[in-house]
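Please read the following explanation alongside the sequence and the coordinates, going from the separate chains to their contact and then to single residues.

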Amino acid sequence: MWKSWFYLLIAVALQAMGNIFLTIGMVQLNKMGVLQESGIGCFISRHGWTIVLNPWLWGGVFCLISFTAIFSFVLSWTDLTVAMPIVSFEVIVNVLFGWVFLNEDISFERWLGVGLVAVGIALVTGSYRQSSENR
Amino acid sequence: MLNTIVLTMVMVFSDAISDVLLARAMKKTKQHLHYKSRECFSVITIVFSVSSFWGAVLMMAMHFISFLALLTYVQISIVVPLGSLVYIISALGARFFLSERISIQRWIGIVFVGLGVALVSCS
């Protein structure tokens, strides 16, 4: 079980980093006015290289591909119904990150959601431990 | 309205099917690895030769396209919580197509995670 948790936590960190990198890349492109073009053809022909050479976008894509690879690797020995809920740990990390580092106001519904996800993950992990002991 | 319902169904089901197919592809790869060498290159070759893997890739693409299409006229605060239905549908897929044994405790956990993700993303 700990082996699955170890790899899935790395996958979750990569997914979070990938989303952040992609957001930074897209915000940069938006600031440069790249995304204000009308028509996808015009947009690509004028700014294709700006998009292709953006390191944040490449970083984001690399992180998300690595996430998929590690998640697939874990699925070769763990049940899908265990791996998927554990990956949703990202939701908890995102909310805590926003609360601690960005001083975001977190509503009661959000805390309730975080609590439900945490309890859900604990239940799923517990059920996997029981089923692997019974095998 | 009908378009929204159809696209939402396509988004949720393609995501769930891609997860089930990916899990099936990886389990098949593991079976093949018992007979072949465990070098990284041969692992990748085996994964790419399993048809379920390409089905999963196709379904991921379909999920992404339907998600983007929905975002063009439905708010993200509605689309993302609806997407959390994937936890339940994937679990049903895993139960019937991958023959995973899911205890009541795990079902309750999966429902809690789905509800929690929906609450966080819509609030």
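A residue is called buried here if 20 or more other C-beta atoms lie within 10 Å of its own, exposed if 12 or fewer, and partly exposed in between. By that criterion, buried residues account for 28% of the 135 residues in chain A, while in chain B, with its 123 residues, 36% count as buried. These values, like the others below, are computed from a predicted model.

The architecture of each chain can be stated briefly. Chain A contains six helices and zero strands, and from its N terminus on the elements run α-α-α-α-α-α. Chain B likewise has six helices and zero strands, and its pattern along the sequence reads α-α-α-α-α-α. The C-alpha atoms of chain B fill a box of roughly 50 × 35 × 20 Å when this is taken along the principal axes. Among contacts in chain A between residues at least 6 apart in sequence, 76% join residues at least 24 apart; for chain B, the share of such contacts that join residues at least 24 apart is 76%.

Within chain A, one helix pair deserves a careful look. Helix α1 (residues 2–31) of chain A packs against helix α3 (residues 55–75) of chain A at an angle of about 160 degrees, and their axes are 7 Å apart. Because angles over 145 degrees count as roughly antiparallel, α1(A) and α3(A) are therefore roughly antiparallel to each other. The crossing in which α1(A) passes α3(A) is left-handed, and the residues of the contact between α1(A) and α3(A) divide into 18 nonpolar, eight polar and no charged.

In soluble globular proteins, nonpolar side chains tend to be buried together. The largest nonpolar core of this model holds 52 residues, of which L75(A) and A83(A) touch the most other members; its largest share, ten residues, comes from helix α1 (residues 2–33) of chain B. Leaving aside residues up to four places away in sequence, A83(A) touches S4(A), L8(A), F71(A), V74(A), L75(A) and T78(A).

The contact between the chains takes 30 residues from chain B and 28 residues from chain A. On the side of chain B that touches chain A, the elements giving two or more residues are α1, α5 (86–97) and α6 (104–122) of chain B. Of these, α6(B) gives the most, with twelve residues, and the residues of this side of chain B divide into 17 nonpolar, seven polar and six charged.

Most residues other than glycine have a negative phi. S99(B), however, has a positive phi of about 55 degrees although it is not a glycine. S99(B) is found in the loop between α5 and α6 of chain B, and S99(B) is exposed, with 7 other C-beta atoms within 10 Å.

Notes
Residues are numbered from 1 along each chain as its sequence is written. Chains are lettered from A and ligands numbered from 1 in the order in which they are written. This is a predicted model: local features need pLDDT of at least 70, side-chain atom pairs count only at pLDDT 80 or more; totals for chains, interfaces and linings use all residues. A nonpolar core is a set of buried Ala, Val, Leu, Ile, Met, Phe, Trp, Tyr and Cys residues joined through C-beta atoms within 7 Å. Helices (H or I, at least four residues) and strands (E, at least two) are DSSP runs, numbered from the N terminus. Two residues are in contact if their C-beta atoms, placed from the backbone, lie within 7 Å. Ala, Val, Leu, Ile, Met, Phe, Trp, Tyr, Cys and Pro count as nonpolar, Asp, Glu, Lys and Arg as charged, and the others, Gly among them, as polar. Axes are lines fitted to C-alpha atoms, for helices over the stretch in contact, and angles run from 0 to 180 degrees between N-to-C directions. Angles under 35 degrees count as roughly parallel, over 145 as roughly antiparallel, 65 to 115 as roughly perpendicular and the rest as oblique. A crossing is left-handed if the near helix is turned anticlockwise from the far one by less than a right angle, and right-handed if clockwise.
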